[in-house]
Amino acid sequence: SAASAADGVAVVGSGLIGRSWAMLFAGGGFRVKLYDIEQQQVADALENIRKEMKLLEQSGALKGSLGAEEQLALISGCSDLREAVEGTVHIQECVPENLELKKQLFAQLDEIVDDHVVLSSSTSCLLPSKLFAGLVHVQQCLVAHPVNPPYYVPLVELVPHPETAPETVDRTYALMQQVGQSPVRILKEIDGFALNRIQYAIISEAWRLVEGGVVSPGDLDRVMSDGLGMRYAFIGPLETMHLNAEGMLSYCDRYSEGMKRVLKTFGPNPEFSGAVAEKVHQAMCVKVPDDPEHLAARREWRDGCLMRLAKLKGQVQPL
Ligand code: NAI
């Protein structure tokens, strides 16, 4: 059954990603309990969320149908794990990316949860078979991997453990849609899931092209931001093929020989170190010096761009 907005969710870990989840769930009208092992983190998170939501409301980018004050009223901090998860329909784990730490937390949750709540991990690269091994409630567990910054980049990869119940995936899929995210089903676990596998394929060839002296680091980035990225915000690589000929089969017919010829020339995995790393680093620092202030300013600029892109996508592709 679909979650209703009267239901509560728990967010465990109130760092960067936990804060975003709390805002998204509140945007969907859910009551949110925000827990952290560090009390100060919860206090900081609540203050930070308040500021963010006010800014979002001012710029017309606040999600959901409730105002900022109403959404803020839905979020409360919590210093007791059992209390945080009590009566919730969904628990979103957002603690640091450390297998032992996460396993410990899920073992703890395993002892206190009922047979109904969904246990969901935000992990970027830990596999469900490792995370949820041996849990009594393994059927209720899955990975829901967001993309940074989740408030503006809606994709969530849902990755089941081999023993995850189909209902767990279905319910999480529906919940993600309810809060305005765009879930995809990864049908079986694989290292890197889908997003990072594709991202690493791109990074890898980008690195080889720079390493081989084919293109400068700055120009390489523009191949994506002014080229491929323009359409990838709206259509994926497969639909791109479909549209760039008279349908997919026609594309394969016309271009498969050329693609295979080029693909054969790809080099081995880069080391991402040494002189090439130094060269790429220096090139990046020309545009964005790597001190905290410049990095933060550039991230803020990026998030502003993504916010406007998200608005545009909402206008051209009503859901
Ligand atoms: P973070 O370091 O900003 O926040 C982690 C929080 O967990 C901290 O507030 C910490 O006090 C708390 N914590 C530590 N141990 C805890 C425990 N036992 N119980 C409760 N809270 C505890 O980390 P961030 O960036 O928010 O990442 C969280 C998860 O999200 C990681 O698994 C990460 O891989 C994943 N993720 C991160 C993305 C990113 O770009 N930062 C993107 C997608 C996923």
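Predicted model: local features only at pLDDT ≥ 70, side-chain atom pairs only at ≥ 80, totals over all residues.
**View 1. The protein is divided into two domains, domain 1 and domain 2.** Domain 1 covers residues 8-185, and domain 2 covers residues 195-287. Taken over C-alpha atoms, the centres of the two domains are 33 Å apart.

**View 2. Eight strands build an open sheet.** Read across the sheet, the strand order is S3-S2-S1-S4-S5-S6-S7-S8. The pairing is mixed, and the views that follow show examples. At the edges sit S3 and S8 (182-185), each of which pairs on one side only. From one strand to the next, the twist averages 25°.

**View 3. Strands S1 and S2 run parallel.** S1 spans residues 8-12 and S2 spans residues 31-35, with five bridges joining them. Look for alanine 10, whose bridge partner in S2 is lysine 33. To get from S1 to S2, the chain passes through helix H1 (residues 16-27), making a right-handed β-α-β crossover. On to the next neighbour: four bridges join S2 to S3 (residues 75-78), and these strands run parallel. Here lysine 33 stands opposite serine 76 in S3.

**View 4. Strands S6 and S7 pair in the antiparallel sense.** S6 takes in residues 141-146, S7 takes in residues 155-160, and five bridges link the pair. The peptide bond from asparagine 148 to proline 149 is cis, with omega near -10°. For background, most peptide bonds are trans.

**View 5. S7, helix H7 and S8 make a right-handed β-α-β unit.** Helix H7 in this unit is made of residues 166-178. S7 and S8 pair in the parallel sense, over four bridges. Valine 156 has proline 183 in S8 as its bridge partner.

**View 6. Phenylalanine 193 has a positive phi although it is not a glycine.** Its phi is about 50°. You can find phenylalanine 193 in the loop between S8 and H8. As a rule, most residues other than glycine have a negative phi.

**View 7. Helices H8 and H9 pack at an angle of about 145°.** How do we describe such a pair? Two packed helices are described by the angle between their axes and the distance between the axes. H8 runs over residues 195-211 and H9 over residues 217-232, and their axes are 10 Å apart. The crossing of H8 and H9 is right-handed. Which residues of H8 meet H9? They are Ile202, Ala206, Leu209 and Val210, which meet Pro217, Leu220 and Met224 in H9. By class, this contact of H8 with H9 has seven nonpolar residues, with no polar and no charged ones.

How values were computed. Residues numbered from 1 in each chain as written. Heavy atoms only, no water. Domains from an automatic or database assignment. Axes fitted to C-alpha atoms, helices over the stretch in contact; angles between N-to-C directions. Helix = DSSP H or I, 4+ residues; strand = E, 2+ residues; numbered from the N terminus. Left-handed = near helix turned anticlockwise from the far one by under 90°. Contact = heavy atoms within 4.5 Å. Nonpolar A, V, L, I, M, F, W, Y, C, P; charged D, E, K, R; others polar. Pairing = 2+ DSSP bridges. Right-handed = clockwise from strand over helix to strand, strands pointing away.
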